[in-house]
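Work through these exercises with the model open beside you. Try each task before reading its solution.

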Amino acid sequence: MVQVKFELDQSEDFRTLQNAPIVEAILHWQAAAQSDPDSSEWEKELRRRFSDYEIELQHNFETALTKSAEGVELKHSTAWEGFRLTKQEDGQPIFVCQFKRDGLIFSRLQPYQGWDKFEPEAIRFWEVFVDLSEAIEVAQLSTRYISKIPISSLPNVSDYIGEVPQPLAPIGIVANSFYHQDSADLGDLPYTVNTVRAVQPMQDSKSYPASLIIDISVSTRNSIVDLDLVPQKLGELRYIKNKIFFALMDKAIQQGLIT
């Protein structure tokens with residue numbers, strides 16, 4: 001088998017899907033605060049800078065057993081973990097940010113309206129996070145896109161992603177669900193990709209209709225010590241994600257099943 005080298009070519013155009021099946025798009029910065037954050041100061045700043053978001057304090061609860069002269073004692077402790085910020089539209093959440101002590105997780109829920117609206121809103125939070133946390137590096141930067149496509153049957157998956165293996169079919173056992181995961185480093189490029197293709201029947205039944213899940217994650221392999229490089233890295237993550245998505249879904253797009 002000939003090894004094909006993956007190339008980064010951000011001049012490549014990808015078609016715009018008017019009905020993209022994306023149910024959640026995520027950007028994740030793993031970046032630790034340089035000092036012990038003050039939750040009240042963080043909350044004050046977040047409320048000032050993001051008045052268009054609902055803000056909720058998040059706690060981390062721990063339970064431990066300790067032994068003393070009086071016997072075994074059960075102790076509970078709590079520490080603030082971060083904040084959850086939510087922006088709603090027509091009563092539904094569209095942007096969700098987990099603003100944490102060790103990083104930032106920013107999500108766009110459906111309907112996804114494109115990178116040009118998603119990435120600038122995420123950068124708003126990242127810039128505030130750097131101001132408050134005084135972070136000096138990003139241990140890992142990731143993007144993750146989860147798509148969900150309704151299908152009528154497991155064999156119907158072949159219309160979207162090719163044939164689904166049925167290793168037990170020769171003995172009369174036909175699966176009603178499917179899960180396949182691929183992970184890879186991109187050669188000399190400092191990125192790792194993880195793709196999941198899965199089919200699960202409706203939660204309350206083993207019958208169809210069901211959903212085809214396409215879950216694509218792309219992450220940096222090296223830490224980013226120059227924070228000015230974050231926009232460049234985001235652009236490269238986006239390109240890799242697009243290249244994978246359109247490769248996986250090419251058959252469905254060509255047949256007009258995804259538009």
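**Exercise 1. The pocket lining**

Task: Into how many nonpolar, polar and charged residues does the lining of the largest pocket divide?

Solution: 
- The lining holds 13 nonpolar, nine polar and five charged residues. Keep in mind that this is a predicted model.
- Next, take the volume. The largest pocket has about 580 Å³.
- Now go to its centre. The pocket has 27 lining residues, and the closest to the centre are Arg15, Tyr112, Arg238, Lys241 and Asn242.
- Then look at the elements. Strand E6 (140-151) and helix H4 (230-248) each supply at least two lining residues.
- H4 gives the most, with seven residues.

**Exercise 2. A bridge to helix H4**

Task: Find the salt bridge partner of Lys243 and say which parts of the chain the pair ties together.

Solution: 
- Start with the partner. Lys243 forms a salt bridge with Glu12, and the closest N and O atoms are 3.0 Å apart. That is within the 4 Å cut-off for a salt bridge.
- Lys243 lies in helix H4, and Glu12 lies in the segment before strand E1 (22-30).
- Draw the conclusion. The two are 231 residues apart in sequence, so the pair ties together these two parts.
- Check the cover. Lys243 has a relative accessible area of 31%, so Lys243 is partly exposed. Glu12 has 28%, so Glu12 is partly exposed too.

**Exercise 3. Two more bridges**

Task: Locate the salt bridges Arg101–Asp36 and Asp215–Arg144. Is each residue buried, partly exposed or exposed?

Solution: 
- Take Arg101 and Asp36. Their closest N and O atoms are 3.2 Å apart.
- This pair links distant parts of the chain, 65 residues apart. Arg101 is in the loop between strand E4 (92-100) and strand E5 (103-109), while Asp36 is in the loop between E1 and helix H1 (39-49).
- Arg101 is partly exposed at 31% relative accessible area. Asp36 reaches 64%, so Asp36 counts as exposed.
- Now take Asp215 and Arg144. Their side chains meet in a salt bridge of 2.6 Å, N to O.
- Asp215 sits in strand E9 (residues 210-220) and Arg144 in strand E6, 71 residues apart.
- Judge again. Asp215 counts as buried because its relative accessibility is 11%, under the 20% cut-off. Arg144, at 35%, counts as partly exposed.
- Look for a network. Salt bridges that share partners join Glu45, Arg48, Arg49 and Asp131 into one.
- Finish with the total. The count comes to 12 salt bridges.

**Exercise 4. A nonpolar surface patch**

Task: Which residues make the nonpolar surface patch of about 300 Å²?

Solution: 
- The patch is made by Leu168, Ile171 and Ile173.
- Pick out Ile173. It is found in the loop between helix H3 (158-161) and strand E7 (178-185).
- Ile173 has 44% relative accessibility, so Ile173 counts as partly exposed.

**Exercise 5. Far in sequence**

Task: Is Ile105 buried or exposed, and what distance separates its C-alpha atom from that of Leu27?

Solution: 
- Find the element. Ile105 lies in strand E5.
- Apply the cut-off. Buried means under 20% relative accessible area. Ile105 has 18%, so Ile105 is buried.
- Compare sequence and space. Ile105 and Leu27 are 78 residues apart along the chain, yet their C-alpha atoms are separated by 5.9 Å.

Methods
Residues are numbered from 1 along each chain as its sequence is written. This is a predicted model: local features need pLDDT of at least 70, side-chain atom pairs count only at pLDDT 80 or more; totals for chains, interfaces and linings use all residues. Side-chain values use heavy atoms; hydrogens and water are left out. Patches are made of residues with over 30% relative accessible area and no salt bridge: like charges are joined within 9 Å, nonpolar side chains (Val, Leu, Ile, Met, Phe, Trp, Tyr) within 5 Å. Accessible areas come from the Shrake-Rupley method with a 1.4 Å probe; for residues, only the protein chains shown count as cover. Helices (H or I, at least four residues) and strands (E, at least two) are DSSP runs, numbered from the N terminus. Buried means under 20% relative accessible area, exposed over 50%, partly exposed in between (1.4 Å probe, protein chains only). On a 1 Å grid over the protein atoms alone, a cavity is a set of points where a 1.4 Å probe fits but cannot get out, and a pocket is an open set with protein on both sides within 12 Å along at least five of seven lines; lining residues have an atom within 4 Å of a point. Grid points are joined across faces, edges and corners, and a volume is the space filled by probe spheres set on the points. Ala, Val, Leu, Ile, Met, Phe, Trp, Tyr, Cys and Pro count as nonpolar, Asp, Glu, Lys and Arg as charged, and the others, Gly among them, as polar.
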